[in-house]
Amino acid sequence: MQFHLDGYEPGDPRIRPPHPAVAERGPGLPDTADVVIVGSGPAGLVLAAQLAEFPEVRTVVVDRRDGPLTVGQADGVACRTVEMFEAFGLADRVIGEGYQVNEVTFWRSDPQDPTSIVRTGRVDDVEEGISEMPHMIVNQARMLAWLRGHMARSATRTEPYYGLQVTDVRVGPDPSSEYPVTVALQEVDGGESRTIRARYVVGCDGARSAVRQAIGRRLHGDATHQSWGVLDVLAVTDFPDIRLKSAISSAAGSVLVIPREGGYLVRLYIELDNDRDGAMLRDRSTTPENLAEVANRILHPYRIDVRDVGWWAVYEIAQRVCDRFDDLPDDGAPGSPRVFIAGDACHTHSAKAGQGMNVSMADAWNLGWKLGTVLRGTSRPEVLRTYSAERQAVAQQLIDFDREFAALFSDRDAEPEKFQHYFREQGRYTAGVAVRYGPSVLTGDPVHQQLAAGFPVGMRFHSAPVVRLADAKPMHLGHAARADGAWRLYAFADRAHPAAPDSRLRTLGEVLPDLVARFTPPGAEPDSVLDVRAVLQQGHRDVEVADLPPVLLPRKGRFGLVDHEKVFCPDAREDLFDLREVDRERGCLVVVRPDQYVAQVLPLDAVVELADLLDAVLVRAR
């Protein structure tokens with residue numbers, strides 16, 4: 001973490017000085033905003049947290065609830081989501097407080113006694129090496145609290161407005177209007193109606209989204225007519241794997257055991273039988289006691305004695321997705337979208353694979369940096385058109401995966417090994433690291449992929465251990481990047497010493513300053529749009545800071561201080577060049593989007609190709 005750039009400031013360095021516009025705000029809901037976010041769940045608050053990194057952008061968050069969520073709902077935090085929280089400086093909170101999922105056990109009916117269950121397998125939860133971050137279990141309410149804390153500490157001091165529901169969203173006929181979208185709001189307690197005009201509106205308001213309905217979008221798909229109960233309980237049990245994630249399928253039904261944070265709490269996802277449990281489903285007479293009885297029926301011969309219930313719910317699985325995630329009629333329509341939907345507003349599915357909150361947050365991060373940079377004036381408005389195309393494809397993959405996962409989980413006739421094999425086979429998907437964006441204005445064709453096979457174009461930038469040159473600090477390369485809306489240019493050096501005349505890295509360093517200046521607005525920090533970093537092949541004791549080209553030692557802040565944290569060397573125990581299959585002879589340049597997805601892999605001398613890629617996305621500075 002870097003601070004004290006513009007002078008020594010005592011106190012918590014995470015709390016940034018407020019933007020001057022904060023002092024000018026009046027009390028209550030404003031009449032206008034750059035972005036109005038409807039909903040303060042996972043998608044809404046990740047979006048708000050990302051936009052909080054753009055102090056000049058006025059973001060308003062409204063929610064129909066009367067206050068922050070306190071208990072229940074989603075709990076699985078995939079490896080990729082923890083990587084994302086690291087970019088907000090929050091991963092340590094997730095890891096420090098949550099339950100880390102290390103292994104999964106599988107239980108099926110005993111062939112010798114079908115009324116009882118036996119353990120049939122035990123596997124690692126996450127494949128070795130796919131992420132430096134673990135799979136965690138944390139109450140959704142805590143995740144949202146950390147995001148609100150991040151927003152409150154930011155220069156924008158953003159806080160949600162509660163008790164307001166959307167009654168209408170309209171886009172005006174004049175696209176050149178400063179605030180073309182009008183949002184009608186009604187106080188939930190029956191109070192006054194309000195309107196707010198915005199440049200953009202994002203509906204993160206759940207499966208019954210009012211924003212989705214206002215733009216004429218519909219969820220397409222089917223209900224499975226399968227009902228599940230969820231219990232967060234403190235319990236005493238003789239089931240031996242109560243502190244391990246366990247998938248149980250018996251003749252009496254299925255249960256998914258998810259240990260929770262704190263060492264005692266456990267979540268049970270309990271399959272309800274439409275015949276055996278139909279009466280309480282039809283009469284809506286389900287109680288936590290009923291659900292515990294069903295769990296005990298499935299767990300036989302083991303028993304679980306529920307002592308306290310923290311939260312519970314009953315839901316029916318429905319796998320649905322919208323055909324577009326914005327208000328444009330189709331891909332060929334002119335102009336830029338003004339209204340977007342994210343999270344459950346545009347895709348719904350079962351909870352058993354633990355993907356809902358994770359995919360929703362990824363929707364928001366994908367959209368957030370695009371909105372922020374367009375409003376800041378550094379990205380072309382065309383990038384907003386990529387949101388629906390990229391995330392709708394991911395959501396459709398999720399629906400297809402969830403349908404198969406849910407069917408296999410509940411298939412009591414399948415061989416035990418079949419579900420275990422599928423679980424291992426889909427591990428990269430459930431960890432959140434299998435997403436790959438296709439070629440677009442943001443993502444190039446992988447014509448030079450052989451230069452860095454371990455950084456696939458279109459996939460997330462896979463971090464690896466390095467040692468920072470300036471201070472010999474062992475760290476992860478990906479952790480140096482923040483969720484600040486900047487593109488990263490990672491220059492992986494060729495074999496030559498960076499001070500040698502034949503160093504390709506040095507040659508690149510001589511031409512990059514002009515390219516960086518081309519897209520950096522006057523008065524902005526030199527790394528605010530294009531953040532240039534380098535990874536050398538030499539050890540950190542074999543290179544001096546004076547050997548580096550100036551572009552890797554940018555001067556910043558009102559005192560013109562040197563940023564010494566742009567250059568890294570291999571970790572002797574795990575050499576990044578080997579881990580990520582980077583060409584040692586030629587090196588390469590890995591271009592990474594602000595949401596940490598690889599946009600392109602290029603030779604170190606492909607400056608024209610780099611300029612063409614960036615020119616299609618970024619606005620030239622005036």
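At what angle do helix H2 and helix H9 pack, and how far apart are their axes?

## Helices H2 and H9

Helix H2 (residues 42–51) packs against helix H9 (residues 356–376) at an angle of about 30 degrees, and their axes are 8 Å apart. Axes are lines fitted to C-alpha atoms, for helices over the stretch in contact, and angles run from 0 to 180 degrees between N-to-C directions. H2 and H9 are therefore roughly parallel to each other, a term for angles under 35 degrees.

Contact (heavy atoms within 4.5 Å) involves residues including Val 46 and Leu 47 of H2 and Trp 365 and Trp 369 of H9. By class, the contact has 12 nonpolar, four polar and no charged residues; Ala, Val, Leu, Ile, Met, Phe, Trp, Tyr, Cys and Pro count as nonpolar, Asp, Glu, Lys and Arg as charged, and the others, Gly among them, as polar.

## The seven-stranded sheet

An open sheet of mixed pairing is formed by seven strands in the order S20-S19-S25-S22-S21-S26-S27; strands pair if DSSP finds at least two bridges between them. The twist averages 30 degrees from one strand to the next.

S26 and S27 run antiparallel and are joined by four bridges. Val 591 stands opposite Gln 600 in S27.

## Basis of the model

This is a predicted model, in which local features need pLDDT of at least 70 and side-chain atom pairs count only at pLDDT 80 or more, while totals for chains, interfaces and linings use all residues. Residues are numbered from 1 along each chain as its sequence is written, and side-chain values use heavy atoms, with hydrogens and water left out. Helices (H or I, at least four residues) and strands (E, at least two) are DSSP runs, numbered from the N terminus.

Methods. Parallel < 35°, antiparallel > 145°, perpendicular 65-115°, else oblique.
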